[in-house]
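Please look at the aromatic side chains in the structure below.

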Amino acid sequence: MNENPVIVITGTRYGIGRYLTEYYIGKGFLVVGCSRGDIDYQFDNYLHFCIDVSDESSVKKMFAEIRKKYGRLDVIINNAGIASHNHALLTSLKELQNVLDTNFVGTFLCCREAVKLMKRNKYGRVINISSIHVPLATIGTSIYGATKASIEQFSRVLAQEVFQFGITINLLSLSVVRGSGMAENLPDDIEHELLQRTISKIQLDFKDVSHAIDFFISKKSKLITSQILYLGGV
């Protein structure tokens, strides 16, 4: 059986997920990615699934295939997510459900199935993605921020439940990431106001994200769990 570490990255069609796919392939990982739409690339040591992470049966099938093919899982990065920038009074139930399903339900399902597989080898690293919209309570992000706050609370509790199995759960709280897709969709005035409320006051780049993830997934980080790392500073 191949002993290269196996990593799952959700939302690999473009942006951060696409970058992380190439980055971890370059570091010798066997990468499993997923997205709702087809991808326009292929790499050695990369396996792709076209699924909706909020669909329970699809998520279960993906992890069953990972177990069958690799027999293990070392890391998962729950990157898949969608943004919502709208005042609460103007937000429809459909928009709320869509953001909630992708951001929170998708993260929950992938965490649940990933941890089941990680327990087999008594080792695992889970990275969930949050947002500085949570601590900053940015106007127009009540729904999006609520889904990210849910991920934070879920992660803190899950970290306690799975630490005994050698599994850590940590979060990256991101500000504006250049090239992520979400950053490009922010109105300029909103982006400027948001960045001014961070310590760095500048956009993040993909390397900032991968550097933080490398820290969390290191075998030396075995005692670092239930932590939120604010990239950009708040």
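**Aromatic rings and their neighbours**

Tyr23 has a relative accessibility of 23%, so Tyr23 counts as partly exposed. The model is predicted. Tyr24, in contrast, has a relative accessibility of 0% and is therefore buried, because buried means under 20%.

A pair of aromatic rings is described by the distance of the centres and the angle of the planes. Rings count as a pair if their centres lie within 6.5 Å, and by this rule there are 9 aromatic pairs. One of them joins Tyr23 and Tyr24: the ring centres are 4.8 Å apart and the planes stand at 90 degrees, so this pair is edge-to-face, since planes over 60 degrees apart count that way. Tyr23 and Tyr24 also belong to one aromatic cluster, together with Tyr19, Phe29 and Phe206.

Tyr41 and Phe43 make a tilted pair, because their planes are at 45 degrees, with the ring centres 5.3 Å apart. Tyr41 is buried, at a relative accessible area of 10%. Phe43 has a relative accessibility of 29% and so counts as partly exposed.

The charged end of Lys119 sits over the ring of Phe165, at 4.4 Å from the ring centre. Over the ring of Tyr123 sits the charged end of Lys219, 6.0 Å from the centre of that ring.

Methods. Residues numbered from 1 in each chain as written. Predicted model: local features only at pLDDT ≥ 70, side-chain atom pairs only at ≥ 80, totals over all residues. Heavy atoms only, no water. Phe/Tyr/Trp six-rings, centres within 6.5 Å; stacked < 30°, edge-to-face > 60°. Buried < 20%, exposed > 50% of the residue type's maximum accessible area, 1.4 Å probe, protein only. Lys NZ or Arg CZ within 6 Å of the ring centre and 35° of its normal.
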